[in-house]
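Work through the exercises below with the sequence and the structure in view. Each one gives a task and then a solution in steps.

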Amino acid sequence: MKWTLPNILTALRLLAAPGVALMFLYFARPLADWLALILFLGAAITDFFDGHLARAWSQETKLGAMLDPIADKAMVVIALMVIIGYSSWTPWLVLPATVILFREVFVSGLREFLGDVSGTLKVTKLAKWKTTVQMVAISVLFSQGVFEHYLVMSAMGMDDEIVRNILNGTAEDLMGLRWKQYGMVWAGLAGIALLWLAAALTLITGLDYFRKAIPHLKEET
């Protein structure tokens with residue numbers, strides 16, 4: 001196994017995946033949200049650089065080819081698990097996340113079953129876009145948690161009526177409650193919209209992989 005710089009970046013991305021969940025076990029919010037967001041963004045950026053550097057430096061290896069999709073799937077699956085676990089379990093979030101998680105398990109199962117001919121399920125450009133949209137959606141949803149908890153912290157100790165008046169614009173906003181609420185609302189809406197887009201791309205690419213696998217699933221006569 002060759003531990004080139006691209007392979008090291010891929011391995012670090014793989015290690016960052018469980019690190020996202022650990023942030024919520026060892027740190028209080030919103031610090032946990034910040035750390036998870038920074039860790040996830042850093043790992044997502046390496047997803048571009050490891051492949052780009054491997055091709056540019058002619059350092060493409062079997063180790064990198066094996067680790068790269070595993071790291072991507074681990075990042076997405078664990079991050080979605082954390083986001084859903086700390087959310088209100090709204091169907092608008094759970095449904096697209098379920099589609100994404102189901103597809104990842106389904107395609108992984110197909111690849112394992114096909115074995116030596118799994119090369120027929122090569123990663124397509126649309127699948128790469130799917131991964132990119134997933135990572136952007138998850139990053140935006142993590143930022144919603146940041147806005148939400150700073151809003152709660154700023155309103156702590158205030159009378160509920162005062163908070164309502166500030167948010168309605170009928171009282172002076174000395175603590176910046178309104179912009180934090182706007183950030184929370186728009187990050188949530190944008191994150192969910194992007195997650196639905198990612199789920200649609202996930203479904204399309206999953207069906208494409210299944211179509212390519214059908215000839216290898218037919219019984220011999």
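**Exercise 1.** Find which residues lie nearest the centre of the largest pocket, and describe its lining.

Solution. The model is a predicted one.
Step 1: The lining of the largest pocket counts 44 residues, and those nearest the centre are D47, D68, D72, V123 and K128.
Step 2: Two or more lining residues come from each of α1, α2, α3, α4 and α5. The most, 11 residues, come from α5.
Step 3: Sorted by class, this lining has 18 nonpolar, 12 polar and 14 charged residues.
Step 4: The space in the largest pocket is about 1,400 Å³.

**Exercise 2.** Describe the second largest pocket by its volume and its lining.

Solution.
Step 1: The volume of the second largest pocket is about 290 Å³.
Step 2: Its lining has 18 residues, with I83, Y86, S87, L141 and Q144 nearest the centre.
Step 3: The elements giving two or more residues to this lining are α3, α5 and α7. The largest share is that of α5, with 5 residues.
Step 4: The classes are 9 nonpolar, 6 polar and 3 charged.

**Exercise 3.** Which residues of the largest nonpolar core touch the most other members?

Solution.
Step 1: In this core of 34 residues, they are F40, I138 and F142.
Step 2: At least two core residues come from each of α1, α2, α3, α4, α5 and α7. The largest share, 9 residues, belongs to α3.
Step 3: Leaving out residues up to four places away in sequence, F40 touches V20, M75, A79, M135, I138, S139 and F142.
Step 4: Another core, of 6 residues, lies apart from this one and includes L151, A155, V163 and L177.

Key
Residues numbered from 1 in each chain as written. Predicted model: local features only at pLDDT ≥ 70, side-chain atom pairs only at ≥ 80, totals over all residues. Heavy atoms only, no water. Core = buried A, V, L, I, M, F, W, Y, C linked by side-chain atoms within 4.5 Å. Buried < 20%, exposed > 50% of the residue type's maximum accessible area, 1.4 Å probe, protein only. Helix = DSSP H or I, 4+ residues; strand = E, 2+ residues; numbered from the N terminus. Contact = heavy atoms within 4.5 Å. 1 Å grid on protein atoms, 1.4 Å probe; cavity = no way out; pocket = protein on both sides within 12 Å on 5 of 7 lines; lining within 4 Å. Points joined across faces, edges and corners; volume = space filled by probe spheres on them. Nonpolar A, V, L, I, M, F, W, Y, C, P; charged D, E, K, R; others polar.
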